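Thanks for coming, everyone. I'll walk you through one structure this morning. Please look at the sequence and the model first.

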Amino acid sequence: MRGVELALTFRPTAWLVARPTMRSRMPGSSRTTPGALTVDKQVTFVPKARLERTVTAILRRLVITGTARGQSAVFATDTNTDTVHGVPGAYDGFAEVDVAATYTITRRVQATASVENVFDRRYYLFYRNAGRLVFGGVRVTLR
């Protein structure tokens, strides 16, 4: 199997951190006995391409993080014959964006909010994803 995976973090300004955390490409294939049905096929459950980027803005008491990620479809069979998409049991390719914010109210109290799958993309990774999810909370540190 051959592949490339890159990770990098950089800080273009004092308040901004960028993490193009992963970009992988799997041009390789499973190589077995010549003539076998799995020669030159995509490795099961490994996307051919995957991309993730994270940007964090630190603005005094407010920290905002945005993440964009996506991947190509994957196969569950080593012969890559499961090519059905958009139904339960499929492993569709997807792209989505998540956003999270934390506001420090006091040294010990923080308010948090996040939205996963901001654009409400629908896809299957064996089962249908939940769509957009919104969370909120308060974090209290007792020590």
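The protein has 143 residues, and 24% of them count as buried. Buried means under 20% relative accessible area, exposed means over 50%, and partly exposed lies in between, with a 1.4 Å probe and protein chains only. Now the ground rules. This is a predicted model: local features need pLDDT of at least 70, side-chain atom pairs count only at pLDDT 80 or more, and totals for chains, interfaces and linings use all residues. Residues are numbered from 1 along each chain as its sequence is written, and side-chain values use heavy atoms, with hydrogens and water left out.

Along the sequence the pattern reads β-β-β-β-β-β-β-β-β-β.

Next, contacts. A contact means heavy atoms within 4.5 Å. Take the contacts with a separation of 6 or more: 49% of them come from residues 24 or more positions apart.

The protein exposes about 9,600 Å², and carbon and sulfur atoms supply 60% of that. These areas come from the Shrake-Rupley method with a 1.4 Å probe; for residues, only the protein chains shown count as cover.

S5, residues 62–71, pairs with S6, residues 94–104. The sense is antiparallel, over ten bridges. Two strands pair if DSSP finds at least two bridges between them. Ile64 has its bridge partner in S6, and that partner is Ala101.

S6 also has S7, residues 109–116, joined to it. Six bridges link these two, and they run antiparallel. Here Val99 has Val115 in S7 as its bridge partner. How many residues does the hairpin use to join S6 to S7? Four.

Ile64 and Val99 come up again in a nonpolar surface patch. Trp15, Ile58 and Leu59 complete the patch, which covers about 390 Å². Patch residues have over 30% relative accessible area and no salt bridge; like charges are joined within 9 Å, nonpolar side chains (Val, Leu, Ile, Met, Phe, Trp, Tyr) within 5 Å. A salt bridge is a side-chain nitrogen of Lys or Arg within 4 Å of a carboxyl oxygen of Asp or Glu. Ile58 sits in strand S4, residues 49–59. Its relative accessible area is 33%, so Ile58 counts as partly exposed.

Asn117 lies in the loop between S7 and strand S8, which is 124–125. Asn117 is not a glycine, yet its phi is positive, about 60 degrees. Is Asn117 buried or exposed? Buried, because its relative accessibility is 2%. Beyond its neighbours within four places in sequence, Asn117 contacts Glu96, Val97, Asp98, Asn129, Gly131 and Arg132.

Asp120 is in the loop between S7 and S8 too. Asp120 has a positive phi, near 55 degrees, and is also a residue other than glycine. With 28% relative accessibility, Asp120 counts as partly exposed.

Last stop: the loop between S5 and S6, where we find Gly89. Gly89 is partly exposed, because its relative accessibility is 32%. Which residue lies 37 residues from Gly89 in sequence, but 4.1 Å away in space? Phe126, C-alpha to C-alpha.
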